Amino acid sequence: VASLVLTAAMAPCLVGVGELKANAKLPSNLLAWTGALAMGGLCLLMLSTPIGKPSLELHSYPVQALAYIHDEGLLPPPDGSEGRLLAQDFVGNLREYLDGPIGDVFVDDRAEVLSKKTSDDYLNLLGAGPSWETILDSYDIRTIVWQRSLPLAVVLTESERWQVRYTDGDWIVATRRAPTTSA
């Protein structure tokens with residue numbers, strides 16, 4: 001993006017550059033050459049900066065928790081036939097990035113495409129509101145990846161209907177327990 005802005009700002013200094021005339025000479029004024037050298041230096045700086053750095057910063061995402069549900073076979077199929085996965089909106093973005101169109105997400109951060117009901121239900125889940133269990137049942141949520149610091153993670157840990165299968169410093173993975181039958 002910076003290269004577009006800088007090119008537009010330098011354009012007045014580069015008048016005549018790019019014209020194809022047989023007798024044309026490049027302008028040799030100091031300002032034009034200074035601008036060209038500055039642009040070249042900026043390009044070199046921009047190319048050298050990312051070397052050795054990851055292309056994505058994923059430290060705030062539940063990468064290990066998502067790997068766990070994949071490795072343990074806890075990721076429901078995208079068609080919803082065996083329940084759904086619940087994760088926070090920004091985790092939905094990561095799943096869409098990694099899994100493409102097959103990545104089934106409950107929500108992502110595009111609030112404008114959510115129905116009011118889904119948006120209200122998600123907000124209820126974020127705060128572990130009084131109807132959190134009903135909401136999970138209505139969407140057939142079977143696996144949850146959630147930040148440990150949020151209220152829903154606390155109530156899942158204490159619930160007899162859910163089993164925490166994975167935990168690390170920031171995230172939990174909880175799965176719905178099989179219903180018990182009394183004989």
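Modeller: Let me begin with contact, which means heavy atoms within 4.5 Å. Please keep in mind that this is a predicted model. By that cut-off, glutamine 88 touches Val107, Tyr122, Leu126, Val145, Trp146, Gln147, Leu150 and Trp171, not counting residues up to four places away in sequence.

Biologist: Where is glutamine 88 found, and what makes glutamine 88 buried?

Modeller: Glutamine 88 is found in the loop between β1 and α4. Its relative accessible area is 3%, and buried means under 20%, so glutamine 88 is called buried.

Biologist: What is the setting of that loop in the protein as a whole?

Modeller: The protein has 7 helices and 4 strands, and from the N terminus on the elements follow the order α-α-α-β-α-α-α-β-α-β-β. Of the 183 residues in the protein, 29% are buried. The accessible surface comes to about 11900 Å², with 60% of it belonging to carbon and sulfur atoms. Among contacts between residues at least 6 apart in sequence, 52% join residues at least 24 apart.

Biologist: How do you know that the buried residues of α7 line one face of the helix?

Modeller: In α7, which spans residues 151–158, the buried residues are Leu152, Ala153 and Leu156. Seen down the axis of α7, these buried residues fall within an arc of 100 degrees, so they line one face of the helix. An α-helix has 3.6 residues a turn, so residues three or four places apart point the same way. On the other side of α7, Thr157 and Glu158 are exposed, a word that requires over 50% relative accessible area.

Biologist: What covers the buried residues of α7?

Modeller: The cover includes the helices α5 (116–126) and α6 (132–138), together with the strands β1 (84–87), β2 (141–147), β3 (162–167) and β4 (171–176).

Biologist: What puts the buried residues of α3 on the same side?

Modeller: The buried residues in α3 are Ala65, Leu66, Tyr68 and Ile69. They cover an arc of only 155 degrees around the axis, which puts them on the same side of α3. These buried residues pack against β1, α4, β2, β3 and β4, whereas the face turned away from the buried side carries the exposed residues Gln64, His70 and Asp71. Just after α3, glycine 73 takes a positive phi of about 70 degrees.

Biologist: Which residues line the largest pocket, and what is its volume?

Modeller: The largest pocket has a volume of about 180 Å³, and its lining consists of Leu58, Val63, Leu66, Ala67, Ile69, His70, Leu75, Leu94, Arg95, Leu98 and Asp99. The largest share of that lining, 5 residues, comes from α3, and both α3 (63–71) and α4 supply at least two residues. By class, the lining of the pocket has 8 nonpolar, 1 polar and 2 charged residues.

Biologist: Why is a space called a cavity rather than a pocket, and how many cavities of 30 Å³ or more does the search find?

Modeller: In a cavity a 1.4 Å probe fits but cannot get out, whereas a pocket is an open set of points. The search of the whole structure finds 1 cavity of 30 Å³ or more. About 40 Å³ of space lies in the largest cavity, whose lining is made up of Leu85, Leu86, Ala87, Gln88, Gly92, Arg95, Asp104, Val105, Phe106 and Val107. The elements that give two or more residues to this lining are β1 and α4 (89–99), and β1 provides the largest share, 3 residues. By class, the lining of the cavity has 6 nonpolar, 2 polar and 2 charged residues.

Biologist: What is phi in alanine 128 and in aspartate 140?

Modeller: Alanine 128 has a positive phi of about 50 degrees although it is not a glycine. For aspartate 140, which is also a residue other than glycine, phi is positive and near 55 degrees.

Conventions:
Residues numbered from 1 in each chain as written. Predicted model: local features only at pLDDT ≥ 70, side-chain atom pairs only at ≥ 80, totals over all residues. Heavy atoms only, no water. Buried < 20%, exposed > 50% of the residue type's maximum accessible area, 1.4 Å probe, protein only. Arc of directions from axis to C-beta. 1 Å grid on protein atoms, 1.4 Å probe; cavity = no way out; pocket = protein on both sides within 12 Å on 5 of 7 lines; lining within 4 Å. Points joined across faces, edges and corners; volume = space filled by probe spheres on them. Nonpolar A, V, L, I, M, F, W, Y, C, P; charged D, E, K, R; others polar. Areas by Shrake-Rupley, 256 points an atom, 1.4 Å probe, with all protein chains shown as cover.
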